[in-house]
Amino acid sequence: MADPRFFTNHGPFSLGQIADIAQAKLAQGADPELQIRDVAPLDLAAGDAVSFIDNPIYLADFANSAAGACVVSPAHRDRAPEGMALIISDQPYLAYARIAAAFYPYTVQGDGIAESAIIDKSAILGDRVAIGHGTVIAANVEIGAGAILGANVSVGPAVVIGEGCKILDNVTLSHCLIGDGVTLHPGVRVGQDGFGFVPDPSGYVKVPQVGRVVIGDNCEVGANSTIDRGANRDTIIADGCWIDNLVQIGHNVELGQGCIIVAQVGISGSTKLSDFVAVGGQTGIAGHIKIGAGAKIAAMSGIMSDVSAGATMAGIPAMPFKQFFRQVAVLKRLALERGKKT
Amino acid sequence: MADPRFFTNHGPFSLGQIADIAQAKLAQGADPELQIRDVAPLDLAAGDAVSFIDNPIYLADFANSAAGACVVSPAHRDRAPEGMALIISDQPYLAYARIAAAFYPYTVQGDGIAESAIIDKSAILGDRVAIGHGTVIAANVEIGAGAILGANVSVGPAVVIGEGCKILDNVTLSHCLIGDGVTLHPGVRVGQDGFGFVPDPSGYVKVPQVGRVVIGDNCEVGANSTIDRGANRDTIIADGCWIDNLVQIGHNVELGQGCIIVAQVGISGSTKLSDFVAVGGQTGIAGHIKIGAGAKIAAMSGIMSDVSAGATMAGIPAMPFKQFFRQVAVLKRLALERGKKT
Amino acid sequence: MADPRFFTNHGPFSLGQIADIAQAKLAQGADPELQIRDVAPLDLAAGDAVSFIDNPIYLADFANSAAGACVVSPAHRDRAPEGMALIISDQPYLAYARIAAAFYPYTVQGDGIAESAIIDKSAILGDRVAIGHGTVIAANVEIGAGAILGANVSVGPAVVIGEGCKILDNVTLSHCLIGDGVTLHPGVRVGQDGFGFVPDPSGYVKVPQVGRVVIGDNCEVGANSTIDRGANRDTIIADGCWIDNLVQIGHNVELGQGCIIVAQVGISGSTKLSDFVAVGGQTGIAGHIKIGAGAKIAAMSGIMSDVSAGATMAGIPAMPFKQFFRQVAVLKRLALERGKKT
């Protein structure tokens, strides 16, 4: 399925190998010697491809799929079309991710140090670092082994980039320390001044922004997202956070481990998210507040005050998720009743 | 009016020529020999300029305008000041667009292949391609005749760019096929990984993103917008879509022909918009849903479920536009009533 | 506190000097000879650091702080821990900003004209201009004395940049005139085409965008924000405006002096903000409307019509702030009452 111009297929694999890769088991009747040549979605898969069904809205596609094999949960297996080899997993999407990574291992192309890159002689580069064309590495930068930097990236003085990072094209870094295994997608800006100023009679006075951005290991930051450096402490993104595109993270913000921040979210200055908080797209979070561990925030919410650990919130201003939908329902009914009276 | 440092005026034109260009007709008494030297808005136009009135909120400006000529609909012509030459059109803004394009044809400056551009020798460039300073063209890229790429652009391996495209400065492209006549404004990111991962006991596992972005002909994408490549199928932008600045388009999203997506909209993964859908600014659209042809979504709406063809929606969560404003009115009245009681 | 890899500490200062710098006075008992070596937040400050308390939510941190000195308002001074030297100010944050600027003066590193920069020979550069690696300066550009341009910036033909500007890395400028002392953070896009088109039978016709962007003195624009040029007049940002990250400003928009635009706000075409308007994050403002001087718009509001000078607005669609919170309270109560009945 995947266009060979862009992706190299590392298959084929036998169905037995695939079940092992998926850490799942073959259903009875599935032939472990069946050759699987690709991954594909249910509606596009041919007989030599493996697919997956996770979201029940695609059950009809599942029932009609020509996929030779499919990862499926025990709950949905009886909806399979005849002749399809089944791989049974309680987490079909995770199993699929493992299979897809066997066919198409995640790689970012790096090709040594481009001649056109401008690298200050004080910079320290680990083994196998790749640096793209036109990329600028300022004084005292440190880049860990195996890191790959794309084209036209700008890395400011003294920035530290960990091992195996992938810093894609047109990224700007300054005043930051980045852990190992971090991916920054194109156009990410890390470490610029936060939005700090205070009025005085002559206009606004800039408040010096003298903190850093500290990003932990194995984080991913989406295209054109912006992470401002701290004002007087660090902006911190702990290990394993996944941040989507066009997200704004203000100065002094702290994200605990494993937070998920969907596209276009804005987090205002000095707010702290505990571990494993998930924030839906376009949500805004006010400054100087705390979000407890494992809290889930619906898309397009407006968080104006602290949120307890484990809570699920929605609305502007945000409230518990059930309360929000009760209010939505009540207002709908009231408008209908009033409409009748008029 | 237009600053000659930035724009070259291709006038003057006689009023008769202008009416022809506009595909409109001169009102009685308008002198077809009148020389028109520029376009200008109503409040800034002098006697040698042509203006237009389309939005009724500017009718007072129209009545007081010193413009020598003006495009106007039959409905508004009697509000014209004395002595103004009128060009009558049912679509004054369209007529104005044609006139303005005669004075100031759309051009993006290209000047051959910059010496500092880095172009892989396997890349295939059509006739009259222009490539700006510091731009990087990777292996196996194809660029159609007459395409213009700005400065510090990065084009990843095997990307295909159609004829006559304008790829402006600091754009990043990878894993994508772009049709003819497409304009990508500065800082656009196309083809990066979508936001795909799944939790496992060790953290989050990245789901390989092995689709492409396929953009049709005559599309325009605004500054700093991001279009992720597909996860296991393509992200598709059909012909003639206009996408504004800072828009996020997730993996596997499909836009039908002629969709209009205003600034800061976010469209979540695997959602499909049919032809000619119009989405107002800052709207969020959930994943895995379908928006029918010709639907109109108000600004700042939250679309959580399928929308029928031709529907007009507003609110978070979204509902039919009239229902939304009825609810707004009902809540306002209730708050007033309750306020009195307290 | 500040990492010496990134920031040069210009201290120490005596407490007496610091009070002078802050334009504030020492409380009785504070030793003017005390050596202060750094600024720090309350919870991280040691005995040789000066901190500040402004937001009452940090009063507990204040009471427990080990800071040697602290700027405090008269209202909060009695909450100070024993032994802390106090600097009394009615505007502690402003006083702190002055102190921090003495320790860490705002500087952007510039280092002459990089050899790899591409500068058209018609460009006019003032004294002490610095231009970073890979930056492209087109024909007829003018850059004022002391301006610093970062790496991989693109400056289009005839752009004017004032004295002392800081144009950071990966910025794109075209069709614009920029005043003195302006800071544009990484990835800012100024002067590209606005979102102007009109349907005709063959699809959408582009409306030529022949205005400019004119930015006044002492403005700041945050990372990855986008400011489109005017359609047929200028897009204007008056003196002293502060614009945060990922903000969208449409064609023909006018901002009066001293406006504050928080992250991810979108302002639609032809809308005018008077002086000193403050707009909270993620707010959307419709096109062709007017916001009066000094108006304050809460975060995540949807402004659909004119706003009076001095008004405070919230909600989607926006209404006066108090009315919005009354409606929120009324709906909450109604949902509770209805919940009981069911």
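This is a predicted model: local features need pLDDT of at least 70, side-chain atom pairs count only at pLDDT 80 or more; totals for chains, interfaces and linings use all residues.
**Exercise 1.** Locate B:Leu246 in chain B, and then decide whether B:Leu246 is buried or exposed.

*Solution.* Begin with the place: B:Leu246 sits in the loop of chain B that runs between strand S27 (242–243) and strand S28 (248–249), where strands (E, at least two residues) are DSSP runs numbered from the N terminus. Next, look at the backbone, where phi of B:Leu246 is near 60 degrees, which is a positive value in a residue other than glycine.

Residues are numbered from 1 along each chain as its sequence is written, and chains are lettered from A in the order in which they are written.

**Exercise 2.** Carry out the steps of Exercise 1 for B:Gln282.

*Solution.* The loop between strand S33 (278–279) and strand S34 (284–285) of chain B holds B:Gln282. Phi of B:Gln282 is near 65 degrees, again a positive value in a residue other than glycine. With a relative accessible area of 9%, B:Gln282 is therefore buried.

**Exercise 3.** Find which residue is joined to A:Pro12 by a cis peptide bond, and which to C:Pro317.

*Solution.* In chain A, the partner is A:Gly11, and omega of this cis bond is about 0 degrees; A:Pro12 itself lies in the segment before strand S1 (13–14). In chain C, the cis bond runs from C:Ile316 to C:Pro317, with omega near -5 degrees, and C:Pro317 belongs to the loop between strand S38 (312–314) and strand S39 (319–320).

Note on methods: Side-chain values use heavy atoms; hydrogens and water are left out. Helices (H or I, at least four residues) and strands (E, at least two) are DSSP runs, numbered from the N terminus. Buried means under 20% relative accessible area, exposed over 50%, partly exposed in between (1.4 Å probe, protein chains only).
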